[in-house]
Amino acid sequence: MKILKVTDPEFKKYGRPMAGYDFSEIVEKMQEMPAPAGAVVYEPSVAELENLDVSRKMGVWAYGESPIQVGYCNGDNHKLNAVEYHRSSEINIGATDAILLVGSEQDIEDDFTYDTSKIEAFLLPKGTAVEIYATTLHYAPCNAVGADKFRVVVVLPKGTNYPLTEKHEAGGEDALLAATNKWLIGHPEGGLPEGSFIGLKGENITV
C-alpha cells in the first residue's frame with residue numbers, strides 16, 4: 001500500500017497539519033504513557049496530558065474555547081479493523097511516527113457499508129499535529145514501517161467516546177453508534193465487540 005505524508009496535497013480532503021505550535025511538551029510526556037505489545041490501548045481523557053500548558057492552549061485556539069478532552073491511542077497495530085467518525089474534528093499528535101488509515105464519509109453507501117479499497121495511508125511524523133475533519137473516516141493508527149509501537153495524542157470535544165446511556169434502535173445510521181459522538185463500521189475480521197455494526201467490504205487493510 002502506498003504511504004503518503006500528512007503534508008502531501010492528497011491529505012487536504014481529510015485534514016490539515018497544524019503548523020506554528022510547539023508540541024514538544026506533550027510529545028515528551030507521552031513517552032510515559034503505556035504502549036502495549038500486540039495490542040492497542042485508548043484513553044479518552046488523561047489528567048497528566050490535560051494539565052499541560054499546550055493542552056490548555058489547544059482548547060482556546062483549536063476548539064474556540066469549547067471544552068476538550070486530551071487522551072491517547074497507543075500500542076502495536078498493523079490493520080484497519082474498522083472505521084469511525086464523529087460530528088466534530090479530532091486532533092492527532094504523533095508522539096512517535098505513526099500511519100493513519102483514512103477515508104471519506106461521503107463514500108459510505110446508502111446501506112452504511114464501505115469499500116476498504118478507498119482507504120488511503122498517510123505517515124504522521126513524530127511531533128506533527130493534524131486536524132482530522134469530522135467527515136474523515138479513521139480508527140486506531142498503525143505502526144510506522146519498521147517500528148514496534150506507536151503513540152498518538154487524541155484530542156476531541158469533551159464527552160466523546162464514552163459508554164452510551166440509551167438504547168439506539170431507530171435503524172439507519174443509529175445502528176452505527178458505538179459510543180458517545182462515535183459512529184463505527186467494523187470489518188468481519190476486526191475482532192470488534194458483539195453487537196458492533198459490520199459493514200466494511202473488501203480487504204482488512206494491512207500496513
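Guide: The model is a predicted one, in which local features need pLDDT of at least 70 and side-chain atom pairs count only at pLDDT 80 or more, while totals for chains, interfaces and linings use all residues. Residues are numbered from 1 along each chain as its sequence is written, and side-chain values use heavy atoms, with hydrogens and water left out.

Visitor: How many helices and strands does the protein have?

Guide: Helices (H or I, at least four residues) and strands (E, at least two) are DSSP runs, numbered from the N terminus. By that rule the protein has 3 helices and 16 strands.

Visitor: What is the radius of gyration of the protein?

Guide: The radius of gyration is taken over C-alpha atoms, and the globule rule is 2.2 Å times the number of residues to the power 0.38. For 207 residues the rule gives 17 Å, and the protein comes close to that, so it is as compact as a globular protein of that length. The radius of gyration of the protein is 16 Å.

Visitor: What percentage of the 207 residues is buried?

Guide: Buried means under 20% relative accessible area, exposed over 50%, and partly exposed in between (1.4 Å probe, protein chains only). Of the 207 residues in the protein, the buried ones make up 49%.

Visitor: Which residues of helix H3 are buried?

Guide: H3 covers residues 53–61. Seen down the helix axis, its buried residues fall within an arc of 150°, so they line one face of the helix; the arc is that of the directions from the axis to the C-beta atoms. Their cover includes helix H1 (24–30), helix H2 (47–50) and strand E13 (150–157). The buried residues of H3 are Val54, Ser55, Met58 and Gly59.

Visitor: Which residues have the most contacts inside the largest nonpolar core?

Guide: A nonpolar core is a set of buried Ala, Val, Leu, Ile, Met, Phe, Trp, Tyr and Cys residues joined through side-chain atoms within 4.5 Å. The largest has 21 residues, and H1, H3, E4, E6 and E13 each supply at least two of its residues. A second, separate core of 19 residues includes Ile108, Leu123, Ala144 and Trp183. Inside the largest core, the residues with the most contacts are Phe23, Ile26, Leu49, Met58, Ile93 and Val155.

Visitor: Is Ile205 buried or exposed?

Guide: Ile205 is found in the segment after strand E16 (200–201). Leaving out residues up to four places away in sequence, Ile205 touches Met1, His78, Lys79, Leu80, Leu101, Thr116 and Ile119. Its relative accessibility is 8%, so Ile205 counts as buried.

Visitor: Which residues does Asn204 touch, not counting residues up to four places away in sequence?

Guide: Asn204 also lies in the segment after E16. At 5% relative accessibility, Asn204 counts as buried. Beyond four places in sequence, Asn204 touches Lys79, Leu80, Asn81, His187 and Glu189.

Visitor: How many Å apart in space are Asp76 and Gly38?

Guide: Asp76 is placed in the loop between E4 and strand E5 (82–85), and at 22% relative accessibility it counts as partly exposed. Leaving aside neighbours within four places in sequence, its contacts include Gly38, Asn143 and Phe150. Asp76 and Gly38 are 38 residues apart in sequence, while C-alpha to C-alpha they are apart in space by 5.2 Å.

Visitor: Is Glu65 buried or exposed?

Guide: Most residues other than glycine have a negative phi. Glu65, in the loop between H3 and E4, has a positive phi near 70°. With 66% relative accessibility, Glu65 counts as exposed.

Conventions
Contact means heavy atoms within 4.5 Å.
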